[in-house]
Amino acid sequence: MRAREFVFEGGWDTKITQGTVISPSTVKQALSTIQEFVKGFNTYLADKGLGMVAMGRPTGSSAYHDVDPEDKIYGDIDLQMLGPEVPGAITHGQYTNYWNNLSHQYIQEYRPEYVHPEES
């Protein structure tokens with residue numbers, strides 16, 4: 001089964017995230033949390049008989065978090081995710097929407113402690 005890419009955008013500005021400084025260490029912490037999310041999300045997907053996703057790499061400016069100095073500040077974190085093909089999803093928008101809806105359902109049903117469900 002071939003994997004396709006979808007991107008979770010990290011720049012959504014809410015009251016909870018306003019004022020957050022996104023430095024290289026913030027990116028590293030976020031990536032660790034995303035790995036935890038992927039593990040739980042894949043368990044959720046397996047329970048539904050669906051294929052698993054994998055965390056890709058950050059894209060955009062935060063892709064350089066391993067080499068940038070700690071005083072570097074990013075506007076957001078864009079993260080590449082990989083997932084299996086979706087039957088009937090012809091466009092990239094349909095594909096991305098499918099995975100975004102499933103991840104939202106997972107968050108609403110399981111309410112992982114590291115996610116603000118009302119802001120997801």
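This tour visits a group of aromatic rings, the nonpolar core and one further residue in a helix.

The model is predicted: local features require pLDDT of at least 70 and side-chain atom pairs count only at pLDDT 80 or more, while totals for chains, interfaces and linings use all residues. Residues are numbered from 1 along each chain as its sequence is written, and side-chain values use heavy atoms, with hydrogens and water left out.

**Stop 1: F41 and Y44**

Select helix α1, residues 24-47. Helices (H or I, at least four residues) and strands (E, at least two) are DSSP runs, numbered from the N terminus. Within this helix, display the side chains of F41 and Y44, which are 3 residues apart and therefore separated by about one helical turn.

A pair of aromatic rings is described by the distance of the centres and the angle of the planes. Rings of Phe, Tyr and Trp (its six-membered ring) pair if their centres lie within 6.5 Å; planes under 30 degrees apart count as stacked, over 60 as edge-to-face and the rest as tilted. A search of the whole structure finds 9 such pairs. For F41 and Y44, the centres are 6.3 Å apart and the planes stand at 20°, so this pair is stacked.

Are these two residues buried or exposed? Buried means under 20% relative accessible area, exposed over 50%, and partly exposed in between (1.4 Å probe, protein chains only). F41, at 0%, is buried, and Y44, at 4%, is buried as well.

**Stop 2: Y106**

The ring centres of Y44 and Y106 are 5.4 Å apart and the planes are at 50°, so the pair is tilted. Because Y44 lies in α1 and Y106 in helix α2 (residues 92-110), the pair ties together parts that are 62 residues apart in sequence.

Now select F37, F41, Y44, Y98, W99, Y106 and Y110 together: ring pairs link these residues into a cluster.

**Stop 3: the nonpolar core**

A nonpolar core is a set of buried Ala, Val, Leu, Ile, Met, Phe, Trp, Tyr and Cys residues joined through side-chain atoms within 4.5 Å. The largest one has 21 residues, and F41, L45, V53 and W99 have the most contacts inside it. At least two residues of this core come from each of α1, β3 (78-84) and α2. The largest share, 7 residues, is supplied by α1.

**Stop 4: I34**

Finally, select I34, also in helix α1. At 23% relative accessibility, I34 is partly exposed. Leaving aside residues up to four places away in sequence, I34 touches M55, L79 and M81 (contact means heavy atoms within 4.5 Å).
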